[in-house]
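Me: I am new to reading protein models, and I would like to go through one slowly with you. Could we take the features one at a time, with the general idea before the case?

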Amino acid sequence: MKGCLFLPLACILILASCASTKQAENSTVSPVYITNTKKFYLLSPSYIQGRVDAQQLLTGKFGENEFSMLSYLQMDEKGIYLSLFNDFGVGMGNLTYDGISADFDSPVFPKNLKAEYIVADLQFAYYSVDAINETLETIGMYIDVIKTQKGEIRTIYSNSILPMMTSQTIEVIVKNGSEINIENILRGYEYNLKEAE
C-alpha cells in the first residue's frame, strides 16, 4: 500500500521540479554567484522579453579601471551574441550564449572574467521579470520593477521576504529608452549600453 502511494508522489515531485526550472536542458553552463553564497542558474534564451539587434556604445567601470568601446548586441530566442570593437573597428572580443554553453573570448579583458557573469547581467536587463523572479525566489532573492516614463528600474535584492526593508541591494538596472545602465553594488562595477545613433 505504501508503495502505491509513493509512486504517484514521486511522479508529482519530478514533474514539479522540471516545471520550476528555467534553465535550458543539457546545459553545461556554470552557475553565477550573485552573492557570496547564492547561485543563479542562467535562464533559457526562450525567456527573453523582446528581441534585441543593436549597435551600442559600451562604457564601464570596474573599481578604478574604466573602458569604452563599440558593441553589437543580438539577443533572441536562440541566444545572446555580443561583439566588441575599438574605435578603428578592430575586434576586441566576442560573447556567445545559446542556453547550452557560454563563451567569452577577448584579448583585453582578464582571462578569469567568466562569460556566465556577463550573460547574467544581460538576462537581468532584458529577460522576462517573471522568469527571473521565479528563479531568484528559489535561492531566496527577489527582483523589483518600478515603471518610469522612459522605461523601468529593476532592482535585485538579497532577500525575497520584505526585500526593500530587510535586505541588501545587490544590483540596479535602469532602462531609459535606448539606454541601459547596470550597476552591481555588491561587486563594485557598472556599465552602460547606449544605442549608437
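Me: Let us begin with the charged side chains: with which residue does the side chain of R154 meet in a salt bridge?

Reply: Please keep in mind that this is a predicted model. As a general idea, side chains of opposite charge can pair when their charged atoms come close. In this structure, the side chain of R154 meets that of E152 in a salt bridge, with 2.6 Å from N to O.

Me: Which other residues are linked with these two in a network of salt bridges?

Reply: The network of salt bridges links K147, E152, R154 and K175. E152 pairs with K147, where the closest N and O atoms are 2.9 Å apart, and E152 also forms a salt bridge with K175, with the closest N and O atoms 3.8 Å apart. Because E152 lies in strand 9 (residues 151-157) and K175 in strand 10 (residues 169-176), this pair ties together parts that are 23 residues apart in sequence.

Me: Is K147 buried or exposed?

Reply: To read this, one compares the relative accessible area with a cut-off, where under 20% is buried and over 50% is exposed. K147 has 64% relative accessibility and so counts as exposed, whereas E152, with a relative accessible area of 7%, is buried. R154 is buried as well, with a value of 0%, and K175 is also buried.

Me: Turning to helices, how many residues of helix 2 are buried?

Reply: Helix 2 is mostly covered, since 11 of its 12 residues are buried, among them I118, D121 and F124. The helix runs over residues 115-126 and reaches 16 Å from its first C-alpha to its last, which is close to the 16 Å expected at 1.5 Å a residue.

Me: Which element gives the largest share of the lining of the largest pocket?

Reply: For a pocket, one can look at its volume, then at the residues that line it, and then at their classes. The largest pocket has a volume of about 420 Å³, and helix 2 gives the largest share of its lining, 6 residues. The lining has 25 residues, with L113, Y117, I118, D121 and Y191 lying nearest the centre; by class, 20 are nonpolar, 1 is polar and 4 are charged.

Me: What volume does the second largest pocket have?

Reply: Its volume is about 230 Å³, and the residues lining this second largest pocket include F62, N65, F109 and K114. Strand 4 gives the largest share of that lining, 3 residues, and the classes are 7 nonpolar, 3 polar and 1 charged.

Key:
Residues numbered from 1 in each chain as written. Predicted model: local features only at pLDDT ≥ 70, side-chain atom pairs only at ≥ 80, totals over all residues. Heavy atoms only, no water. Salt bridge = Lys/Arg side-chain N within 4 Å of Asp/Glu carboxyl O. Buried < 20%, exposed > 50% of the residue type's maximum accessible area, 1.4 Å probe, protein only. Helix = DSSP H or I, 4+ residues; strand = E, 2+ residues; numbered from the N terminus. Expected span 1.5 Å × (residues − 1). 1 Å grid on protein atoms, 1.4 Å probe; cavity = no way out; pocket = protein on both sides within 12 Å on 5 of 7 lines; lining within 4 Å. Points joined across faces, edges and corners; volume = space filled by probe spheres on them. Nonpolar A, V, L, I, M, F, W, Y, C, P; charged D, E, K, R; others polar.
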